[in-house]
Every structure is written in C-alpha cells, then in structure tokens.
Amino acid sequence: MKLLVTGGAGFIGSAVVRLAIARGHSAVNLDALTYAACLENVASVADSPLYAFEHADIRDRAALDRILAAHKPDAVMHLAAESHVDRSIDGPGDFIETNVNGTFNILEAARAYWMQEGQPSGFRFHHISTDEVFGSLGPEGKFTETTPYSPRSPYSASKAASDHLVRAWHETYGLPVVLTNCSNNYGPYHFPEKLIPVVILNALAEKPLPIYGKGDNVRDWLFVEDHADALLLVLEKGEIGRSYNIGGENERTNLELVQTICAILDALRPEGAPHERLITFVADRPGHDKRYAIDPTRIRTELGWRPSVTVEEGLRRTVEWYLSNEGWWRPLQSRKGVGERLGVKA
Ligand SMILES: NC(=O)c1ccc[n+]([C@@H]2O[C@H](COP(=O)([O-])OP(=O)(O)OC[C@H]3O[C@@H](n4cnc5c(N)ncnc54)[C@H](O)[C@@H]3O)[C@@H](O)[C@H]2O)c1
C-alpha cells in the first residue's frame, strides 16, 4: 500500500512511517515541520526507496491537491495536529486553524482526489484522534466508541470537531473513512515537553520532577509502537465508517507513573538514586481531566488486537532509549516554550 501520512515528523506519525516501511508499505510523509516536528524521527527510513517527504501545511489546499495527484496514495493517515493541551490553553487559535480547518482541507482534498480516481473501493481516510474528546471519567467506567463527546480543553474540543467532520464526510459524501481514538502515548521520540520525557530528562539533570496538582489524575498509557501497530491494523481491516478505541490497558495515576520512572532510573543510574526525592507538586492545569480509561473490547474482539507491553516494560525501554539518544533530545530542549510551565494563564 502507498500511504500519505500527515504529521509524519511528529511523535506518533513517525512511528507509523517507520513501521509501515518496515512492513513493505510506501509512506509519503507530509509535515509542516512545526516546533513539535523532528525529521530525525524518520532518519532510519529516510534513504529507503519506499519513503518520500513533502514539506507542506494541511491548511494549504493547493499543496494538498498537488501532493495527492503526484503520489496517488491508496490511503491517507491523518495525524497532523497541534497536540499539546497546555499550549492550547495559552493559544487556542493554532488548534482551531490546524485541527479543525486543516482537517476540513485534507478531507476536501482527499474527497476530490478519490472522486477523480473513480472512487476506488479500497481507498481509506484514517483519522487519528484522542480519548480526550470523551471528557473526564470518575473513578469507575471506561470510554467506549459510543460514549458521548464532552471535550473540556481547547485541544480536545478541536479534535472533537475534527472527528465530527470526518464522520460527516463519510455520511454525506461516502468518503471511506475509519477513525481511531487512543489514550496517552509514550515511547521513543516523545517530544521533551510532555510528562514522561520531562520526568526522565529532569531527573538526569537533577531538576525538580513537576507533578500537576496531587498527581492523582489517571491516564491509560499506550506504548507508541503498539499504537502504530494498531493503526495499521485498523487501516487494513477496520470497517468503513467505524471508529475504534485504542488503549494500553495500563491505567496509572501520574504519581505512580513518575515513581515507576524513578525506580527504573535508580536501577540504571544508581548515582542519582533515589530519584523520587526530586518529585515536586506544582499548580494544577486549569480544567485538568481527572481520569481517562479506554474500553478496548471492540478492537480486541473485532480485529484481534491487544497491546504487547505492560507500562513497566514500555517505560523501561523508553528510559533506556533516552539514555542512549542524548543527541536527539538535547537540541529540542532549546525550542520555544520547552522547559517552561505553560497553560496556567486561564
Ligand atoms: N501523543 C498522544 O498521546 C496522543 C494521544 C491521542 C491522540 N493523539 C493524536 O495523534 C496525532 C499525532 O500526535 P503526536 O503526539 O504525534 O503529535 P506531535 O505534536 O508530536 O506531532 C504533530 C505533527 O504534526 C505536524 N503538524 C502540525 N501542524 C501541521 C500543519 N498545519 N500541517 C502539517 N503538519 C502539521 C507537526 O509538524 C508534527 O510533526 C494527533 O492528531 C494527536 O491529536 C496523540
């Protein structure tokens, strides 16, 4: 298959590009190279004849038309987005522009291309979204594909809007879409403004490990390589018009998660132990969702997928990767806003 992957220089998109090429697919990586992008993420496949890069913005309809006509992909996997909740609190405009208007553009470009090609039945538009569209859970219950939408941050509201557009393009125009909503990802190449890399890198630098509020917010952690595997499966086997929730079956409070990372670092870097002494509780995020948890029954029973690693195993691999890849993360720490406390203006 030839895939057009938007956001392929980002964290999850690059994992999709690497895995797709390893499995013999072609991948065209379309990315605007925002602050969150890093072409190093795809350096291992950049010389492959199966790989191509297009520096383009999903807000630029003419560029999308040109790229679709030039590469003639069998599927679009749409991951390009503004993705950081804290940045969405400080500056929601970019989130509306890219996540809503940009998704509208790529849907329209994909629809025009699909029509021009004679509506091939095998074509797919795969929209990659988040469990945050479902809002916040109490101590019980899990998100299913039929949980009503209840986004509570500018980021999750913009992603919810994009999900609605994708469903509407299927119902109204017959565009063959599949959707996925996943839980929090982690793993190699995670941009160093997100919780897990911040904790690893601050611990190595003997800096405070910031935990929002009391650290009792619960997330369901999904290893990024497991996620990429699930995405390719949904693309190939998912039912048109259907959405699939993808979770790691690894619920942890933020405090438990940080304590696990500290224990892994204690074993790998005993000179800094105990790293837990660096844990520092800081002001909570405004509107911080309490708990997310995915009910993965549909993807498990219909497509036979389940995650391959526990959070302990995935975190160990992640910490080891950061210890071995300082040349990747060190330059990213000087990008705008990285290392600063964002999202407290509200
Ligand atoms: N990271 C998570 O835990 C998580 C969880 C659920 C869903 N998601 C979704 O998965 C997708 C990928 O997330 P990620 O963590 O890899 O994000 P990321 O921020 O690491 O990467 C996003 C990529 O999109 C590109 N991009 C941004 N705006 C663009 C534009 N206007 N045109 C073209 N490219 C643009 C960026 O340059 C970057 O390479 C997003 O749609 C996100 O909403 C992420």
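**Helix packing and a buried leucine**

Reply: Let's start with a pair of helices: H1 (residues 11–22) packs with H7 at an angle of about 65 degrees, their axes being 9 Å apart. Keep in mind that this is a predicted model.

Me: Which hand does the crossing of H1 and H7 have, left or right?

Reply: H1 crosses H7 in a right-handed way.

Me: And which residues meet there?

Reply: On the H1 side you have Phe11, Ile12, Ala15, Val16, Leu19 and Ala20. From H7 come Val224, His227, Ala228, Asp229, Leu231 and Leu232. Sorted by class, the contact of H1 with H7 has 10 nonpolar, one polar and one charged residues.

Me: Let's pick Leu231. Where does it sit?

Reply: Leu231 is part of helix H7, which covers residues 224–237.

Me: Is Leu231 buried or exposed?

Reply: Leu231 has a relative accessible area of 0%, and under 20% counts as buried, so Leu231 is buried.

Me: What does Leu231 touch, leaving out residues up to four places away in sequence?

Reply: Leu231 touches Ile12, Val16, Met77, Leu79, His126, Ile128, Thr180 and Ile246. Ile12 and Val16 also belong to the H1 side of the contact with H7.

Me: How far is the C-alpha atom of Leu231 from that of His127?

Reply: Those two C-alpha atoms are separated by 9.8 Å, while Leu231 and His127 are 104 residues apart along the chain.

Me: OK, new pair. What about H6 and H8, how do they pack?

Reply: H6 (residues 195–204) and H8 (residues 254–268) pack at an angle of about 40 degrees, and their axes are 10 Å apart.

Me: Which residues meet between H6 and H8?

Reply: H6 brings Leu195, Ile196, Val199, Ile200, Ala203 and Leu204, and these meet Asn254, Leu257, Val258, Ile261 and Leu265 of H8. By class, that contact of H6 with H8 divides into 10 nonpolar, one polar and no charged residues.

Me: Switching to cysteines: how many disulfides are there in the whole structure?

Reply: Zero, going by a search of the whole structure. A disulfide, by the way, is a covalent bond between the sulfur atoms of two cysteines.

Me: And Cys182, buried or exposed?

Reply: Cys182 is buried, at a relative accessible area of 6%.

Me: What about Cys262?

Reply: Cys262 has 1% relative accessibility, so Cys262 counts as buried.

Technical notes:
Residues are numbered from 1 along each chain as its sequence is written. This is a predicted model: local features need pLDDT of at least 70, side-chain atom pairs count only at pLDDT 80 or more; totals for chains, interfaces and linings use all residues. Side-chain values use heavy atoms; hydrogens and water are left out. A disulfide is a pair of cysteine sulfur atoms within 2.5 Å. Buried means under 20% relative accessible area, exposed over 50%, partly exposed in between (1.4 Å probe, protein chains only). Axes are lines fitted to C-alpha atoms, for helices over the stretch in contact, and angles run from 0 to 180 degrees between N-to-C directions. Helices (H or I, at least four residues) and strands (E, at least two) are DSSP runs, numbered from the N terminus. Contact means heavy atoms within 4.5 Å. Ala, Val, Leu, Ile, Met, Phe, Trp, Tyr, Cys and Pro count as nonpolar, Asp, Glu, Lys and Arg as charged, and the others, Gly among them, as polar. A crossing is left-handed if the near helix is turned anticlockwise from the far one by less than a right angle, and right-handed if clockwise.
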